Structures are given as structure tokens and as C-alpha cells.
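This report describes selected strand pairings, a helix packing and a salt bridge. The sequence and structure come first.

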Amino acid sequence: MRRISMVAGLALAVTVLAGCPPTYPKCNSDETCQEKGEVCVNGSCQECASDANCKEGFACQENKCVPKGPECSRDEQCTGGKICEAGKCAEPQCTSKAQCQGAQECQKGRCALPPGACNSSTDCGEGQECQENKCVAAAAQKPECNYEPLRFGFNESSLAPEAQNRLGEMAQCIKDSGSGRIELAGHADERGTEEYNLQLSQKRAASVKKYLVDLGVPAGQLKTVGYGENKPAEQGASEDAWAANRRVEFVR
């Protein structure tokens, strides 16, 4: 009778123990680990058992989800003719030159410019420009000269210090830029006789030419003409209008 009681007690104990689920982190199925978002691995709740338990871009390593490394870092790690792009093996950009633009060639699955070739000046180095798909030394940019009219005082054909400074800069710019023929057009305001103003405008143009020639500008490059009062820059009988009309213009 005692032996029967012991067997019955042992059976009851096993039944009770079998009915009690394991306590986290121990487990006997994934159900025990679901509340933590984990899975059961060898009787213990873990973050993952395989890559399928991890979100995209992560892999399961030692039951932990960790970011995946790049699929490749160079073309040789890819197969099937693919190339390595941004850490992934991708289809080649080209298989022939016909699929590339301009001077580009198909090189190992990529459209690339051979050394010294270009499609635009942005493909060339500093101090170079693209001409006929080749990088060549850029032509020096010609300076832009200040050809604003030169003003004169009342009844004056001589050059004031300020005018001389202007002409000094202009002479250097003309020589550096290789400018073509320039007409020096003299003008006068309306005060005085027409004949006197014509002569005064011619003197003003001649004064400018002489100064430029003395500074090295070829005389044959400069032509002088006087228009007197016949081509005013501003209409009106005011000091401002008269001052604007006493001038030499540089006509190119």
C-alpha cells in the first residue's frame, strides 16, 4: 500500500511540473518568447535564430540581429558580369561604347572617359577647357576695357589728371586685349558757334589719340572724328546736360 502511494505521489508531482510553463528567458517554444519579440533557441529566448527573424538590412549572428555588411567592395567580388555599385552587385552600366555618351567608352561595365577626353569643360582640370572632346589649355580671357565716354571741362580740350588716369588704364587694356580699330568721337555742348564747337570736338578727339599713342597704342588703330554739337548725349540747356555733352566717345 505504501509503494502504491509513493508511485501515485511521484506521478502527481510530474503532472504538476509538466503543467508549469518555463519562466523567461527559459523556453520550450517560441510562444514563451513572443512577448519580448524573440524566438526560442535551445531552450532560451534569443533575438533571432536565423536572418528571417531580423528586419531588412540585418543578419543573425550569434543569435543577435546586426547590420549587414556591404555585399561587395570591388567588382571582383561580383559574379555573372555584374559590377559593384554602392556596396551591392548590380547590372553593368554598359556592354558597348554605343551605350555611353560622347567621348565616354565602355570600360569593365562602366561608361568612363579615357585620359584627356571630355564631354564638357567640367570634365577637365584647372586651366583647361573641352574642345572637340579633348581637354586643352584654356585660352586666356581677354580683359574688358572701360570704354565709358571721357568728359571735358567747359571750353577745354586738354586732359585733366583724372582723364589721364583713365586713359592710362585704357591704353594698357587695349594693348592686352588686342582690341581692333577704335573711333575717337569728339563732341561739344551747344554753347558757342557751330564752327567753333566742331573744331573743339576735333581737338578733344586728337588730344585723346595723342595721349594713347604716347602710351604705346598704335596710331593706326585709332581714328579721330569731331561731331561738334550735332550729336548731344542729353537734350536740354542745363549744366548737367552740357557736362554730359562735352565728351569723347570710344566707338568700336
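Two strands pair if DSSP finds at least two bridges between them. Helices (H or I, at least four residues) and strands (E, at least two) are DSSP runs, numbered from the N terminus. The model is predicted, with local features needing pLDDT of at least 70 and side-chain atom pairs counting only at pLDDT 80 or more, while totals for chains, interfaces and linings use all residues. Residues are numbered from 1 along each chain as its sequence is written, and side-chain values use heavy atoms, leaving out hydrogens and water.

**Hairpin**

β3 and β4 form a hairpin with two residues between them, and Glu 62 in the turn has a positive phi of about 55°. Strand β3 (residues 58–61) is antiparallel to β4, with four bridges. Phe 58 has Pro 67 of β4 as its bridge partner.

**Sheet and helices**

A mixed, open sheet is built from four strands in the order β11-β14-β12-β13. β11 (150–151) and β13 (222–226) each have a single partner strand, so one side of each lacks a neighbour in the sheet. β11 and β14 (residues 247–251) run antiparallel and are joined by two bridges; Arg 151 has Arg 247 in β14 as its bridge partner.

Helix α4 (residues 194–214) packs on this sheet and touches β11, β12 (182–186), β13 and β14. Contact here means heavy atoms within 4.5 Å. The direction of α4 makes about 165° with that of β13. Axes are lines fitted to C-alpha atoms, for helices over the stretch in contact, and angles run from 0 to 180 degrees between N-to-C directions.

| Quantity for α3 and α4 | Value |
|---|---|
| Angle between α3 and α4 | about 50° |
| Distance between the axes of α3 and α4 | 9 Å |

α3 and α4 are therefore oblique to each other, the class left after under 35 degrees (roughly parallel), over 145 (roughly antiparallel) and 65 to 115 (roughly perpendicular). Gln 164, Leu 167, Gly 168 and Ala 171 of α3 meet Val 208, Tyr 211 and Leu 212 of α4. These contact residues comprise five nonpolar, two polar and no charged, where Ala, Val, Leu, Ile, Met, Phe, Trp, Tyr, Cys and Pro count as nonpolar, Asp, Glu, Lys and Arg as charged, and the others, Gly among them, as polar.

**Salt bridges**

The whole structure has seven salt bridges (a side-chain nitrogen of Lys or Arg within 4 Å of a carboxyl oxygen of Asp or Glu). One of them joins Asp 75 and Arg 110, whose closest N and O atoms are 2.6 Å apart. Asp 75 lies in the loop between β4 (64–67) and β5 (83–85), and Arg 110 lies in strand β8 (residues 110–112), 35 residues apart.
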